[in-house]
Amino acid sequence: MKQFKFTVNMPPSTNRIWRNYKGRTVKSAEYRDWLKAAQWQFLETLDTNRPSEPLSGPVALSIAMHSSEDQRTWKRDLDSVIKPIGDLLEYVGLVLDDNQVRRILATRNEPMLTGHCRVTLSELP
């Protein structure tokens, strides 16, 4: 069973990932910027352990959220990081589609100087 672990900066809240533009719903600039930065963090973390192709079966996702010490992110809802992290799994090519996630464990941990999420993705039998 394959398992991948990596750390990324705190994603934008799900309330801020979509914007309306000329009658269409699009990813916000903040969200696009986070996806690009998180992709680099992912690549740096998994440089030698990166899969050659996306996982195609069911997976379990574990997210350990460490908010930053500033008041705004410390009060964030835990569930606001799940969607962006799921999207990231697909964006970086770890999974074919984020709907492969069958199990999610999300924990809120003590705030740290800089907010981040430790992510573990595991294949399920």
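**Questions about a predicted fold**

Q: Where does P54 lie, between which two elements?
A: P54 has its place in a loop, and the elements around it are DSSP runs numbered from the N terminus: helices (H or I) of at least four residues and strands (E) of at least two. The model is predicted, so local features need pLDDT of at least 70 and side-chain atom pairs count only at pLDDT 80 or more, while totals for chains, interfaces and linings use all residues. Residues are numbered from 1 along each chain as its sequence is written, and side-chain values use heavy atoms, with hydrogens and water left out. The loop of P54 runs between α1 (29-45) and β4 (59-68).

Q: Which residues is P54 in contact with, beyond its neighbours within four places in sequence?
A: P54 is partly exposed because its relative accessible area is 31%, which falls between buried (under 20%) and exposed (over 50%), using a 1.4 Å probe and protein chains only. Contact means heavy atoms within 4.5 Å. On that basis, P54 is in contact with G93, L94, V95 and L96.

Q: In what order do the elements of the protein run?
A: The protein has three helices and six strands. Read from the N terminus on, the order is β-β-β-α-β-α-α-β-β.

Q: What is the radius of gyration of the protein?
A: The radius is taken over C-alpha atoms, and the globule rule is 2.2 Å times the number of residues to the power 0.38. For 125 residues, a compact globule would come out near 14 Å, and the protein agrees with that. Its C-alpha trace spans about 40 × 40 × 25 Å along the principal axes. The radius of gyration is 14 Å.

Q: Is W34 buried or exposed?
A: W34 lies in helix α1. Beyond four places in sequence, W34 is in contact with V8, N9, M10, P11, P12, P84, I85 and L88. Because its relative accessible area is 7%, W34 is buried.

Q: Is T120 buried or exposed?
A: T120 sits in strand β6. Leaving out residues up to four places away in sequence, T120 touches Q3, F4, K5, A60, L61 and S62. Its relative accessibility is 19%, so T120 counts as buried.

Q: What value is phi of K22 near?
A: K22 is in the loop between β2 (18-21) and β3 (24-27). At 73% relative accessibility, K22 counts as exposed. Its phi is positive, in a residue other than glycine, and lies near 50°.
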